[in-house]
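Please examine the sequence and the structure shown below before reading on.

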Amino acid sequence: MILQEIEIQKGKQIFPKLKKRYDWKRVHRMFWVGIIQGPPQHIFFKCLDKYYPGHDYISIMKKILLDQVIQSPLCIALFFVSNGILEGQEFSVTVSELKKKFIVVYCIDWLLWPPAQVLNFYYVPPQYRVLYVNLTTLMYNVFLSFTKHRE
């Protein structure tokens with residue numbers, strides 16, 4: 001909804017002929033993609049804290065590296081595949097879109113998440129890390145939605 005509102009305010013609404021202000025199917029898909037991705041991310045961060053419990057420099061760098069090398073590519077793929085399935089796309093179209101947009105999304109991911117995760121792992125108490133990541137993810141999801149819905 002945030003990106004759709006930005007699109008409306010800038011006069012660049014992707015679906016200008018909609019009779020309603022928002023494309024609720026798009027909102028619904030983004031909701032379900034978040035539901036699909038949330039539990040695995042929660043488990044992943046719990047595992048990181050279990051195997052690298054400290055918040056010293058080495059532990060933080062290991063967590064960030066694992067997050068970027070394992071979690072990020074999986075989440076990006078899951079985002080495009082689950083969205084494609086929910087849109088009713090043929091799998092080949094979904095894979096083609098993923099291949100086309102993966103590098104840009106992954107580069108932005110590297111620009112956003114390592115600094116965000118340094119703050120997360122160093123300053124945020126473990127019980128609030130998921131909340132912090134969710135707030136950062138809100139901004140990231142606006143970017144993902146933009147990338148997903150542009151040609």
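At what angle do helix 2 and helix 3 pack, and how far apart are their axes? In this predicted model, helix 2 (residues 24–51) packs against helix 3 (residues 57–87) at an angle of about 160°, and their axes are 10 Å apart. Helix 2 is therefore roughly antiparallel to helix 3, since an angle over 145 degrees counts as roughly antiparallel. The crossing of these two helices is right-handed.

**The contact between helix 2 and helix 3**

On the side of helix 2, the residues that make the contact include Arg29, Met30, Trp32, Val33, Ile36, Phe44, Phe45 and Leu48. On the side of helix 3, Leu66, Ile70, Cys75, Leu78, Phe79, Asn83, Leu86 and Glu87 are among them. Sorted by class, the contact of helix 2 with helix 3 has 14 nonpolar, five polar and five charged residues.

Arginine 29 lies in helix 2. Is arginine 29 buried or exposed? Its relative accessible area is 13%, and arginine 29 is therefore buried, because the term applies to values under 20%. Leaving aside residues up to four places away in sequence, arginine 29 touches Asn83, Leu86, Glu87 and His149. Of these neighbours, Asn83, Leu86 and Glu87 also belong to the helix 3 side of the contact described above.

**The contact between helix 3 and helix 4**

Helix 3 also meets helix 4 (residues 91–123); the axes of this pair come within 8 Å and cross at roughly 145°. Helix 3 passes helix 4 in a right-handed crossing. The residues of this contact divide into 20 nonpolar, five polar and five charged. The table sets out the two pairs.

| Helix pair | Angle | Axis distance |
|---|---|---|
| Helix 2 and helix 3 | about 160° | 10 Å apart |
| Helix 3 and helix 4 | roughly 145° | within 8 Å |

**The protein as a whole**

These helices belong to a protein whose secondary structure comes to five helices and zero strands. From the N terminus on, the elements run α-α-α-α-α. The protein has 151 residues, and 38% of them are buried. Among contacts with a separation of 6 or more, 65% are accounted for by residues 24 or more positions apart. The accessible surface of the protein comes to about 9500 Å², and carbon and sulfur atoms hold 70% of that surface.

Methods
Residues numbered from 1 in each chain as written. Predicted model: local features only at pLDDT ≥ 70, side-chain atom pairs only at ≥ 80, totals over all residues. Heavy atoms only, no water. Axes fitted to C-alpha atoms, helices over the stretch in contact; angles between N-to-C directions. Helix = DSSP H or I, 4+ residues; strand = E, 2+ residues; numbered from the N terminus. Parallel < 35°, antiparallel > 145°, perpendicular 65-115°, else oblique. Left-handed = near helix turned anticlockwise from the far one by under 90°. Contact = heavy atoms within 4.5 Å. Nonpolar A, V, L, I, M, F, W, Y, C, P; charged D, E, K, R; others polar. Buried < 20%, exposed > 50% of the residue type's maximum accessible area, 1.4 Å probe, protein only. Areas by Shrake-Rupley, 256 points an atom, 1.4 Å probe, with all protein chains shown as cover.
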